[in-house]
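Here is a colleague's note to read beside the structure. Please keep the model open and look up each residue as the points mention it.

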Amino acid sequence: MAQASRNSVVRPAAIEPELVLVLGAGGARGLSHIAVLEALDELGVRPSVIAGCSMGAIIGAAYAAGLSGRDLHDHVIRSFRDRARVIARLLDARVGKFTDLMRGLGNPVLIDGERLLDLFWPDAVPDRFDGLGILFIATATDYHLHAEVSLNQGPLTPAVAASLAIPGLVRPVVIEGRVLIDGGAINPLPYDRLMGPGRIVMAVDTSAPATISETRVPGPLEAMVGVSQILTRTIVQRMIERQPPDILIRAGMDGIGGLDFFKAKAILDAAQPVKDEVKRKLAQALDRRN
């Protein structure tokens, strides 16, 4: 696994002990991460390290670039306000065409993750890791070696695109000869390798809990993303049972699916109570260390 280099990034002022912020996978539910960032901004606290997986990597990289939680909140609301524009951008980011399906040549809904990020990320996000203001780590999975990969140097967009490359939905990314897919396949909340003395690790889990039993059969795309959500929740639960982080924040609106991005405003509004929990648990963690 690639190791994080602390010398290549200018480190901002941080609380003592240092705060490590880990933002997990969760699809549209992962927009709830933004409320956590808003809480940290209100406290005047900046993490020394940010690690993210999938949606957590998208938001974590933007925050590490210097955008505030409020900046990201406003950007998301603007981005998903115009449904027709969003759909046009998604179509523009597709790898294949619907005619390919009829000819047996490929997947017509497969998306190029790098192009998707270029279309939706704020302009302030740099092209490379060394342009970030906070040490940032994106987690992906080596498809062939079945191994976790931590990416923290070189081009930023391919690394985050690899972290969110859900099989069948987003195209895998090849970096340094390794075929990389969604980090959620192996470590959707990558806090375990970051824990240690002198650190407070705050992990934000936005994985989807089980819903009430029903007989509705999901469509193919919903089922594909739903399986990823089930896997994410199962892995996270086992990790927490084995070794919980210093601070665990669980966020995410009930009844939200992995692709419900057009419910962005409702997701962000529902996440606001998490801010008080972040402030309270961080204060408690600091008190325990003093």
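1. Is Arg289 buried, partly exposed or exposed? With a relative accessible area of 37%, Arg289 is partly exposed, where buried means under 20% relative accessible area, exposed means over 50%, and partly exposed lies in between (1.4 Å probe, protein chains only). Arg289 belongs to helix H10, which covers residues 274-289; helices here are DSSP runs of H or I with at least four residues, strands are DSSP runs of E with at least two, and both are numbered from the N terminus.

2. Some remarks on the source come next. The model is predicted, so that local features need pLDDT of at least 70 and side-chain atom pairs count only at pLDDT 80 or more, while totals for chains, interfaces and linings use all residues. Residues are numbered from 1 along each chain as its sequence is written, and side-chain values use heavy atoms, with hydrogens and water left out.

3. Leaving aside neighbours within four places in sequence, Arg289 is in contact (heavy atoms within 4.5 Å) with Pro17, Gly198, Arg199, Ile200 and Asp246.

4. For the chain as a whole, the secondary structure comes to 10 helices and 8 strands, and 51% of the 290 residues count as buried. Among contacts with a separation of 6 or more, 77% are between residues 24 or more positions apart.

5. Helix H1 (residues 33-43) is largely enclosed by the rest of the structure, because 8 of its 11 residues are buried. The buried residues of H1 are His33, Ile34, Ala35, Val36, Leu37, Glu38, Ala39 and Leu40. Just after H1, Gly44 takes a positive phi of about 75 degrees.

6. Leaving aside neighbours within four places in sequence, Met202 is in contact with residues including Leu19, Val36, Ile247 and Leu282.

7. The largest pocket holds about 1000 Å³ of space. A pocket is an open set of points on a 1 Å grid over the protein atoms alone, where a 1.4 Å probe fits and protein lies on both sides within 12 Å along at least five of seven lines; lining residues have an atom within 4 Å of a point. Grid points are joined across faces, edges and corners, and the volume is the space filled by probe spheres set on the points. Of the 42 lining residues, Phe80, Leu90, Leu116, Leu259 and Phe261 are the closest to the centre of this pocket. Helix H8 gives the most to the lining, with 5 residues.

8. Which residues does Arg115 touch, not counting residues up to four places away in sequence? Arg115, found in helix H6, touches Asp92 and Ala93 when those neighbours are not counted. Arg115 counts as partly exposed, at 39% relative accessibility, and its C-alpha atom lies 8.6 Å from that of Arg94, which is 21 residues away in sequence.
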